[in-house]
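Biologist: Can you take me through this one? Start with whatever term I need for the contact figures.
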Amino acid sequence: MKEPLLTLINSHNAVVKALEDSQLPVPEKSLFSAMTIWHKLACEGADITHLARENGIDAKCDMQAGRITVYGELN
């Protein structure tokens, strides 16, 4: 089960990176609406992290960016 979760983590992080790198301008009146995207990414990252931990993967989610970091050896 670890390999599919690691693939999911990599895919999730790729979406986070793509949005970070896009530098899309957000009009001031839409700022709070746009923030919901990051909130959803962070919540999704937390859910994936929870699954990873249940399956023996030491992972943590940066709730600011939604990025998941995996620590330790993956035996």
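Modeller: Contact here means heavy atoms within 4.5 Å. Keep in mind that this is a predicted model.

Biologist: With that in hand, what share of the contacts with a separation of 6 or more comes from residues 24 or more positions apart?
Modeller: In the protein chain, such residues account for 50% of those contacts.

Biologist: Which pattern does the chain follow along the sequence?
Modeller: The order is α-α-β-β, from two helices and two strands. The C-alpha atoms fill a box of roughly 45 × 20 × 15 Å along the principal axes.

Biologist: How much of the chain counts as buried?
Modeller: The figure is 24% of the 75 residues.

Biologist: Take α1. What is its end-to-end reach?
Modeller: α1 runs over 2–22. Its 21 residues reach 30 Å from the first C-alpha to the last, close to the 30 Å expected at 1.5 Å a residue.

Biologist: Which residues of α1 are buried?
Modeller: Those are L5, L6, I9, H12, N13 and V16. Seen down the axis of α1, the buried residues fall within an arc of 125°, so they line one face of the helix.

Biologist: What covers them, and which exposed residues sit on the face turned away?
Modeller: The cover over the buried residues of α1 includes α2 and β2, the latter at 68–71. The face turned away from the buried side carries exposed E3 and N10.

Biologist: Now α2. How does the distance between its end C-alpha atoms fit its residue count?
Modeller: α2 covers 31–54. At 1.5 Å a residue its 24 residues should span 34 Å, and the end C-alpha atoms are 35 Å apart, which agrees.

Biologist: And the buried residues of α2, which are they?
Modeller: L41, A42, G45, I48, T49 and A52. Covering them are elements including α1, β1 (58–61) and β2.

Biologist: Stay with T49. Why does it count as buried?
Modeller: T49 has 4% relative accessibility, and buried means under 20%, so T49 counts as buried.

Biologist: What is T49 in contact with, leaving aside neighbours within four places in sequence?
Modeller: With that exclusion, T49 is in contact with A59, K60, C61 and I68.

Biologist: Is Q23 buried or exposed?
Modeller: Q23 counts as exposed because its relative accessibility is 67%.

Biologist: What follows α2?
Modeller: G56, with a positive phi near 80°.

Biologist: Which residues line the largest pocket, and how do they split by class?
Modeller: The lining consists of L19, E20, S22, Q23, L24, V26, L31, A34, M35, I37 and W38. By class, eight are nonpolar, two polar and one charged. Q23, the loop residue with the positive phi, is one of the lining residues.

Key. Residues are numbered from 1 along each chain as its sequence is written. This is a predicted model: local features need pLDDT of at least 70, side-chain atom pairs count only at pLDDT 80 or more; totals for chains, interfaces and linings use all residues. Side-chain values use heavy atoms; hydrogens and water are left out. On a 1 Å grid over the protein atoms alone, a cavity is a set of points where a 1.4 Å probe fits but cannot get out, and a pocket is an open set with protein on both sides within 12 Å along at least five of seven lines; lining residues have an atom within 4 Å of a point. Helices (H or I, at least four residues) and strands (E, at least two) are DSSP runs, numbered from the N terminus. Ala, Val, Leu, Ile, Met, Phe, Trp, Tyr, Cys and Pro count as nonpolar, Asp, Glu, Lys and Arg as charged, and the others, Gly among them, as polar. The expected span of a helix is 1.5 Å times one less than its number of residues. Buried means under 20% relative accessible area, exposed over 50%, partly exposed in between (1.4 Å probe, protein chains only). The arc is that of the directions from the helix axis to the C-beta atoms.
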